[in-house]
Amino acid sequence: TAFGSLVHGVLEDVDVTADDLRAELLARARDQLDRWPVELDPEEAATALEAVLATPLGPLADDLDLRTLLREPQLKELDFELPLGGGDRPGPRVTRLGELAGLLDEHLPADDPIRPFAERLRSPALAAQSLRGYLSGSIDLALRLPDGRCLVVDHKTNWLGPRDVPLTIAGYHPAALADAMNSGTYPLQALLYSVVLHRFLRWRLPGYRPETHLGGVLYLYVRGMAGPEAPRAGGVPFGVFSWHPPAALVVALSDLLDGGQR
């Protein structure tokens, strides 16, 4: 977690407009090492993160990279407090986490990479959990593209491969990233973040239309992001998990979390 916090800190603080991006990354890495003293060569970190910033993000982001997109004002570390089931004024109906499974079945096609997560939501450990009170958190990055679409972006530092051999990029094939997402609870996180972005834009963006402005979700597995020439599968670079949940699913989930209220 300390390593992940260090990487997040560098990506949050870096000035991509610097004339010498590598020197800027090196300075930010050294700053973060003072806060998170992990075993890390700052020179290697600067090289790796320069590749992360230069990796195309795939079709959802019009193949732009972070260095290009972060030249414009973007929302980094978007804090939120999300009321569930009415917040301070809960309604009589208790919403259960397992109800999300039905929404995934209804709105996602059979070949959607997150469709298998519906079965996880039906498991006894998750299905009966009530959704009440408030959920607080922070979205790593809410990106606004030149055409006005907005993306949820989350940075992940997961090591995807055997721990006893050197790590290779093979573990970051987009299909492998879908398996990694579904093996944990990242799909739930991605859906909740999408609801947060939906509510934020509904509040702040004149003329907001979910089907137009909700551009999807990018989970960036930074250890697998290899730069401008990164290998691809289906047009998506290795290291990038790219998912566009239907706007109707995000709106329906937002309503469900409200206990059926708006």
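**Cores, a helix pair and a loop residue**

Modeller: Keep in mind that this is a predicted model. In the largest nonpolar core, which holds 51 residues, Tyr221 and Phe241 touch the most other members.

Colleague: Which helix gives the largest share of this core?
Modeller: That is helix H9, residues 186-204, which contributes 10 residues.

Colleague: And what does Phe241 touch?
Modeller: Leaving out residues up to four places away in sequence, Phe241 touches Pro113, Ile114, Leu177, Ala178, Met181, Val217, Leu218, Tyr219 and Tyr221. Apart from that core lies another one, of 33 residues, with Leu25, Leu53, Val222 and Val240 among them.

Colleague: Switching topic, how do H1 and H2 pack?
Modeller: Helix H1 (residues 2-13) and helix H2 (residues 21-35) pack at an angle of about 135 degrees, and their axes are 9 Å apart. Because of that angle, H1 counts as oblique to H2, and the crossing of the two is right-handed.

Colleague: Which residues make the contact?
Modeller: From H1 they are Ser5, Leu6, Gly9, Val10 and Asp13, while H2 supplies Glu24, Leu25, Arg28, Ala29, Gln32, Leu33 and Arg35. The residues of this contact divide into 5 nonpolar, 3 polar and 4 charged.

Colleague: One more: is Thr55 buried or exposed?
Modeller: Thr55 counts as buried, because its relative accessibility is 0%, and its place is in the loop between helix H3 (42-54) and helix H4 (66-69).

Colleague: What is Thr55 in contact with?
Modeller: Setting aside neighbours within four places in sequence, Thr55 is in contact with Leu64, Asp65, Met225, Ala226, Gly227, Pro228, Ala230 and Pro237.

Conventions: Residues are numbered from 1 along each chain as its sequence is written. This is a predicted model: local features need pLDDT of at least 70, side-chain atom pairs count only at pLDDT 80 or more; totals for chains, interfaces and linings use all residues. Side-chain values use heavy atoms; hydrogens and water are left out. Axes are lines fitted to C-alpha atoms, for helices over the stretch in contact, and angles run from 0 to 180 degrees between N-to-C directions. Helices (H or I, at least four residues) and strands (E, at least two) are DSSP runs, numbered from the N terminus. Angles under 35 degrees count as roughly parallel, over 145 as roughly antiparallel, 65 to 115 as roughly perpendicular and the rest as oblique. A crossing is left-handed if the near helix is turned anticlockwise from the far one by less than a right angle, and right-handed if clockwise. Contact means heavy atoms within 4.5 Å. Ala, Val, Leu, Ile, Met, Phe, Trp, Tyr, Cys and Pro count as nonpolar, Asp, Glu, Lys and Arg as charged, and the others, Gly among them, as polar. A nonpolar core is a set of buried Ala, Val, Leu, Ile, Met, Phe, Trp, Tyr and Cys residues joined through side-chain atoms within 4.5 Å. Buried means under 20% relative accessible area, exposed over 50%, partly exposed in between (1.4 Å probe, protein chains only).
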